[in-house]
Amino acid sequence: MQYLSIKKSDWDNHVDQLLLSFSVFAPVKNEYSLDYEEISSENISNISYNIPKPATPLKNFFLPVKENVTSEGISGKKRVILGSPGCDVAGLRLLDEIYLDREFNDIFYRSRRDNTIIIASDCLRIQEHCHCTAYGIRPYPEDGADLSVMLIDDVVLLRVISQKGIDFKNSFLPGLTPADDSLVSEAENNHRKIESMLRDKWVDLPDYSKTGELVAGAKPGIWKKYSSRCVSCGACTVICPTCSCFLLIDKPGFEKIKQQDACQYPGFERVAGGEDPLFRLSDRFRNRYMCKYVWKPQKFRASACTGCGRCTEACIGKIDKNELFLELSK
């Protein structure tokens, strides 16, 4: 894998030049959270590097919360998304399988993917609920993104990941030089350190495959226990990097609105005549785990949970899915 380096001040100048050709989005930290903002010349210096993780999942750039799929044209505007963590990049693998399927090719999703350069961010620290390695995902992307960035002191180290990344580097990032061996060695040591911290923290957490077995065999009592604190707000699904259920809403004038949906909402599976297989809260709660750990693995290669921990962080009822899995594994 090709490593390139550049001084941070020169990198900021390159980002400023990118604004002439691209819309650029990157994580910016404020007093409340870390989240994506559109970058301008005035806030380039505020970009956060190697800190997990933006409050908004990467999927929202490709699957908007709401869009008109009949009257809105396909935008060809090019953009760069800088600083996405490995868990979010891994989430795109599943979305690509779903929305770029040969038999069902979502033209809106494909256009956004084709017109987006993803410069991921290698994580140099972990948060309380980060557990990507438990599901075989590394905190530094090796595929899915086009490049990945690591800030070491006053030097920006870039890993070129895809052919698209090579073409982007050749066209828009002149002046980058091959990184010296000591810098590459430090980056790889950082990778091993973070992976080790995550493995040690979640050594008892069952892996993705084992979790599926535990979920499939779980008794009704555990779903009632953990769902007793659920308020059906849907925050866990809306903020998830891989959840992508949606409604198609008919509007006057033969318009259709595609809007994100969530299996935790009452009425999610209600059909004509009022029948609703997921009427009970505990059934809706179980449905989400069955979807992620049992049904999705039967159909897709990519993981439907990337271990980002956002669902736990966003839950109003303070439900921790890892506590549930650890209880099941006893």
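This briefing covers the voids, salt bridges and strand pairing of one structure.

The model is predicted: local features need pLDDT of at least 70, side-chain atom pairs count only at pLDDT 80 or more, and totals for chains, interfaces and linings use all residues. Residues are numbered from 1 along each chain as its sequence is written, and side-chain values use heavy atoms, with hydrogens and water left out. The largest pocket holds about 270 Å³ of space. The whole structure has 15 salt bridges and four cavities of 30 Å³ or more.

**Largest pocket**

- A pocket is an open set of points on a 1 Å grid over the protein atoms alone, with protein on both sides within 12 Å along at least five of seven lines.
- Its counterpart, a cavity, is a set of points where a 1.4 Å probe fits but cannot get out.
- Lining residues have an atom within 4 Å of a point.
- A volume is the space filled by probe spheres set on the points, which are joined across faces, edges and corners.
- The largest pocket has 18 lining residues. Cys243, Ser244, Cys245, Cys291 and Lys296 lie nearest its centre.
- Helix H9 (residues 281-299) gives the most to this lining, with five residues.
- Helices (H or I, at least four residues) and strands (E, at least two) are DSSP runs, numbered from the N terminus.
- By class, the pocket lining has nine nonpolar, four polar and five charged residues.
- Ala, Val, Leu, Ile, Met, Phe, Trp, Tyr, Cys and Pro count as nonpolar; Asp, Glu, Lys and Arg count as charged; the others, Gly among them, count as polar.

- The largest cavity holds about 190 Å³ of space.
- It is lined by 18 residues, and Cys230, Cys236, Phe285, Cys315 and Ile319 are the closest to its centre.
- Helix H8 (235-238) and H9 are the elements that give two or more residues to the lining of the largest cavity. H9 gives the most, with three.
- The lining of the largest cavity divides into 11 nonpolar, four polar and three charged residues.
- The second largest cavity holds about 110 Å³ of space.
- Of the 16 residues that line the second largest cavity, Pro52, Cys87, Cys123, Cys130 and Cys132 lie nearest its centre.
- H2 and helix H5 (181-201) each supply at least two residues of that lining.
- The lining of the second largest cavity has 11 nonpolar, two polar and three charged residues.

**Salt bridges**

- A salt bridge is a side-chain nitrogen of Lys or Arg within 4 Å of a carboxyl oxygen of Asp or Glu.
- Glu313 and Lys53 form a salt bridge at 2.9 Å, N to O. The pair links distant parts of the chain, 260 residues apart: Glu313 sits in helix H10 (residues 310-314), Lys53 in the loop between strand S3 (34-38) and strand S4 (66-68).
- Glu313 is partly exposed, at 36% relative accessibility. Lys53 is buried, at 7% relative accessible area.
- Buried means under 20% relative accessible area, exposed over 50%, and partly exposed in between (1.4 Å probe, protein chains only).
- Arg112 and Glu67 form a salt bridge at 2.8 Å, N to O. Arg112 lies in helix H3 (residues 107-114) and Glu67 in strand S4, 45 residues apart. Both Arg112 and Glu67 are buried.
- Lys258 and Asp106 form a salt bridge at 3.1 Å, N to O. Lys258 lies in strand S11 (residues 255-260), Asp106 in the loop between helix H2 (86-99) and H3, 152 residues apart. Lys258 and Asp106 are both buried.
- Arg138, Glu142 and Glu195 belong to one network, joined by salt bridges that share partners.

**Strand pairing**

- Two strands pair if DSSP finds at least two bridges between them.
- Strand S1 (residues 2-7) pairs antiparallel with strand S8 (residues 155-160) over six bridges. Gln2 stands opposite Val160 in S8.
- S1 also joins strand S9 (residues 177-178) through two bridges, again antiparallel. Ser5 has Thr177 in S9 as its bridge partner.
- An open sheet of three strands has the order S4-S11-S10, with antiparallel pairing. S4 and strand S10 (246-251) are its edge strands, each pairing on one side only.
- S10 and S11 run antiparallel and are joined by six bridges. Phe246 has Gln260 in S11 as its bridge partner.
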